Amino acid sequence: MTKTRRGPIRAAVPLIPAAALAALAVLVTGCGADADRDGDGRPESAGRAALAADAGTGATPDKTRIAENVKSALEVRISTGEGRFGSGTHSPCASSSPKVFTEECGEAADYTREAARFALDEIDGRSGFATLGTTARKLDKAAATYRDLGCARNPAAADARKACLDPAAVVAQGFSDLRDGANLGLAGK
């Protein structure tokens, strides 16, 4: 037998299907251009896109694939929120932040609440997302409470300020908690 050396072109041929798959993943998760939109200014949900693709082929989506799609779509929102507002002690809603009683925390609460509601929409009627569902509902309630109490308007009364700290702390930790819930969804928890 004659030994042949694989040239750079032959070595790159297996990468072509991988690149095509990566491009498809970008389109499905809504990370690409604005073409995949639900009409509400947000990327189309990856979970719904995968289900629609499966419906067209007659395939039955498995729980792992759905969980991966939900996690991918949610991760886009989480990463965007963390980049814009920070997370945990770096959030404007952290109890130790001087911005906890400002509109900056209010905007973070609104964005975090939107991410939580998105998660709830994605997992509605699906099993295997107990932790993500519990986390998203808690976060939705905390963000609403923060707004309802008027926390972003710098309340003067000590009891009002104290009442704002708990929901603000939940919001500050929200992105991390949503990510943990989505990760546990991959394990069916």
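This is a predicted model: local features need pLDDT of at least 70, side-chain atom pairs count only at pLDDT 80 or more; totals for chains, interfaces and linings use all residues.

Two packed helices are described by the angle between their axes and the distance between the axes. Here the pair is helix α5, residues 103–123, and helix α8, residues 174–186; their axes are 10 Å apart and meet at an angle of about 15°. Because of that angle, α5 counts as roughly parallel to α8. The way α5 passes α8 is a left-handed crossing.

Who does the touching? On the α5 side the contact comes from Tyr111, Thr112, Ala115, Ala116 and Ala119, and on the α8 side from Gly174, Phe175 and Leu178. Sorted by type, the residues of this contact are six nonpolar and two polar, with no charged ones.

**Two residues to look up**

Ser97 sits in the loop between α4 (63–85) and α5, while Lys162 belongs to helix α7, residues 158–172. Are they buried or exposed? The table gives the values.

| Residue | Relative accessible area | Class |
|---|---|---|
| Ser97 | 13% | buried |
| Lys162 | 65% | exposed |

A polar atom of its side chain lies 3.0 Å from the backbone nitrogen of Lys99. If you leave aside neighbours within four places in sequence, Ser97 is in contact with Ser91 and Pro92.

Note on methods. Residues are numbered from 1 along each chain as its sequence is written. Side-chain values use heavy atoms; hydrogens and water are left out. Axes are lines fitted to C-alpha atoms, for helices over the stretch in contact, and angles run from 0 to 180 degrees between N-to-C directions. Helices (H or I, at least four residues) and strands (E, at least two) are DSSP runs, numbered from the N terminus. Angles under 35 degrees count as roughly parallel, over 145 as roughly antiparallel, 65 to 115 as roughly perpendicular and the rest as oblique. A crossing is left-handed if the near helix is turned anticlockwise from the far one by less than a right angle, and right-handed if clockwise. Contact means heavy atoms within 4.5 Å. Ala, Val, Leu, Ile, Met, Phe, Trp, Tyr, Cys and Pro count as nonpolar, Asp, Glu, Lys and Arg as charged, and the others, Gly among them, as polar. Buried means under 20% relative accessible area, exposed over 50%, partly exposed in between (1.4 Å probe, protein chains only). A polar contact is a pair of N or O atoms within 3.5 Å; within protein, one must be able to donate a hydrogen and the other to accept it, and residues adjacent in sequence count only if both atoms are side-chain atoms.
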